[in-house]
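I opened this entry to keep track of what I looked up.

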Amino acid sequence: MEQSRLVRALGILGATSVGLLLVRCLAYGRMEFGYMVWNLLLATMPLLFVWLLLERLKTNHWSSDWICIVLSLLWLGFLPNSFYIVTDLIHLAEVTNQTLLYDSVMMFVFSITGFTLGYAAVIPMHQQLRRRLKPFQADSIIGIVFLLCSFAIFLGRYMRWNTWDILANPAGL
């Protein structure tokens, strides 16, 4: 029941974000912020991976099942995308005064959606860690995850590295 309410709320947030972008595109005839939809899709991935992991953990041990390990690594690799969306606010410097207010609201809604997706993906992972480790250890791991996310966001925004480059272009990294 609780998970269905979360999915519904996330669906409403995502639809609102995309709807605001579509209204902007129809009003101005330009799709200059279309990348926000891609960023939102990437922000959804860690939640998908943690849900798959939770299902797998019902019948398998985390440390001895390679699929659980891969899902955990995918979760970690894509998690920064959820919080990265807020850095797209930098593009507000490029918009005209005519659209500044609308674009600000639209980008904030995308950012809130990304953050909500990110935290929705972190909470169940943290709960699973707390079941298996001492609370201080689980909390420390999540703290380190957030530090890694911060560093990955820096790499994405300023070095222009992407999550999929790990697989598609590892030599370029």
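How many helices and how many strands does the secondary structure of the protein chain come to? I counted six helices and zero strands. I noted that the model is a predicted one. Read from the N terminus, the order of elements is α-α-α-α-α-α.

**Whole chain.** I looked up the extent next: the C-alpha atoms fill a box of roughly 55 × 45 × 30 Å along the principal axes. Of the 173 residues, 39% are buried. I then took the contacts between residues at least 6 apart in sequence, and 72% of them join residues at least 24 apart. The accessible surface is about 10,200 Å², and carbon and sulfur atoms account for 69% of that surface.

**Tyr84.** I found Tyr84 in helix α3, which covers residues 66-84. Is Tyr84 buried or exposed? Its relative accessible area is 13%, under the 20% cut-off, so I wrote it down as buried. Setting aside neighbours within four places in sequence, I listed its contacts as Asn39, Ile153, Gly156, Arg157 and Arg160. I also checked Leu40, which is 44 residues from Tyr84 along the chain; their C-alpha atoms are 9.7 Å apart.

**Second largest pocket.** This pocket holds about 390 Å³ of space. I found 15 residues lining it, and those closest to its centre are Gln3, Trp51, Leu54, Pro124 and Gln127. The elements giving two or more residues to the lining are α1 (2-28), α2 (35-57) and α4 (100-132). The most come from α4, with seven residues. By type, I sorted the lining into seven nonpolar, four polar and four charged residues.

Conventions: Residues numbered from 1 in each chain as written. Predicted model: local features only at pLDDT ≥ 70, side-chain atom pairs only at ≥ 80, totals over all residues. Heavy atoms only, no water. 1 Å grid on protein atoms, 1.4 Å probe; cavity = no way out; pocket = protein on both sides within 12 Å on 5 of 7 lines; lining within 4 Å. Points joined across faces, edges and corners; volume = space filled by probe spheres on them. Helix = DSSP H or I, 4+ residues; strand = E, 2+ residues; numbered from the N terminus. Nonpolar A, V, L, I, M, F, W, Y, C, P; charged D, E, K, R; others polar. Buried < 20%, exposed > 50% of the residue type's maximum accessible area, 1.4 Å probe, protein only. Contact = heavy atoms within 4.5 Å. Areas by Shrake-Rupley, 256 points an atom, 1.4 Å probe, with all protein chains shown as cover.
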